[in-house]
Amino acid sequence: MTESETAVSEPKVASAARVIRAPAATIFELIADPAEQPRWDGNDNLVTAAPGQRVRQVGDVFVMTIHLAQDRENHIVEFEEGRRIAWRPSEVGAPQPGHLWRWEVEPIDDDSARVIHTYDWTDLNDPNRLGRARAMTPEKLMASLDRLAALAESLA
């Protein structure tokens, strides 16, 4: 790179946040139980997950069937009950390609919480996934937040 050239880096983290008018525990339960996730997935990518896979700690792995009947393992890498959960997906039995989905739930009061949804592809090492990673915008993340809000608020 010459002095006249400038490196341009693209953002590799997309995030969206909103207040959901439901108890933080209700919201977190919908996120931490993979069987519930297809009900609020705003990108219509998640098809099904077997019941009984509720996440409880770092190191847990849950399996989700996505579109085209493909299964994905989701390896929990961050977990704080009721507050934060993050996972790195991979094809079943394959190495994790490096992208991460994170959910943070910040209680405001007994009946509402601020929820932050983040997609981080900083460590993505699979060039075949770059196009999909670049397409994950805050607006797409907000679609899941909006559906999660509608479901959580209907249960509150």
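Okay, before anything else, one term: a residue is buried when its relative accessible area is under 20%. Keep that cut-off in mind, and keep in mind that this is a predicted model.

Let's start with Phe62. At 1% relative accessibility, Phe62 falls under the cut-off, so we call this residue buried. Trp87 comes in at 6%, so Trp87 is buried as well.

Now, the aromatic pairs. How many are there? The count comes to 4. One of them joins Trp40 and Trp103, with ring centres 5.0 Å apart and 75° between the planes, an edge-to-face arrangement. Trp40 and Trp103 are both buried.

Back to Phe62 and Trp87, then. Their ring centres are 5.3 Å apart and the planes meet at 80°, so this pair is edge-to-face. Phe62 belongs to strand S3, residues 61–66, and Trp87 to strand S5, residues 84–91, so the pair ties together parts 25 residues apart in sequence.

Next, the core. The largest nonpolar core has 36 residues, and Ile27, Ile31, Ile85, Trp103 and Leu148 have the most contacts inside it. Among the elements that each supply at least two residues of this core are helix H1 (24–32), strand S4 (70–80) and helix H4 (138–155).

And what does Ile85 touch, if we leave aside its neighbours within four places in sequence? Its contacts include Phe28, Ile31, Val55, Ile76, Phe79, Trp101 and Trp103. So much for my tour; thanks, everyone.

Methods: Residues numbered from 1 in each chain as written. Predicted model: local features only at pLDDT ≥ 70, side-chain atom pairs only at ≥ 80, totals over all residues. Heavy atoms only, no water. Phe/Tyr/Trp six-rings, centres within 6.5 Å; stacked < 30°, edge-to-face > 60°. Buried < 20%, exposed > 50% of the residue type's maximum accessible area, 1.4 Å probe, protein only. Helix = DSSP H or I, 4+ residues; strand = E, 2+ residues; numbered from the N terminus. Core = buried A, V, L, I, M, F, W, Y, C linked by side-chain atoms within 4.5 Å. Contact = heavy atoms within 4.5 Å.
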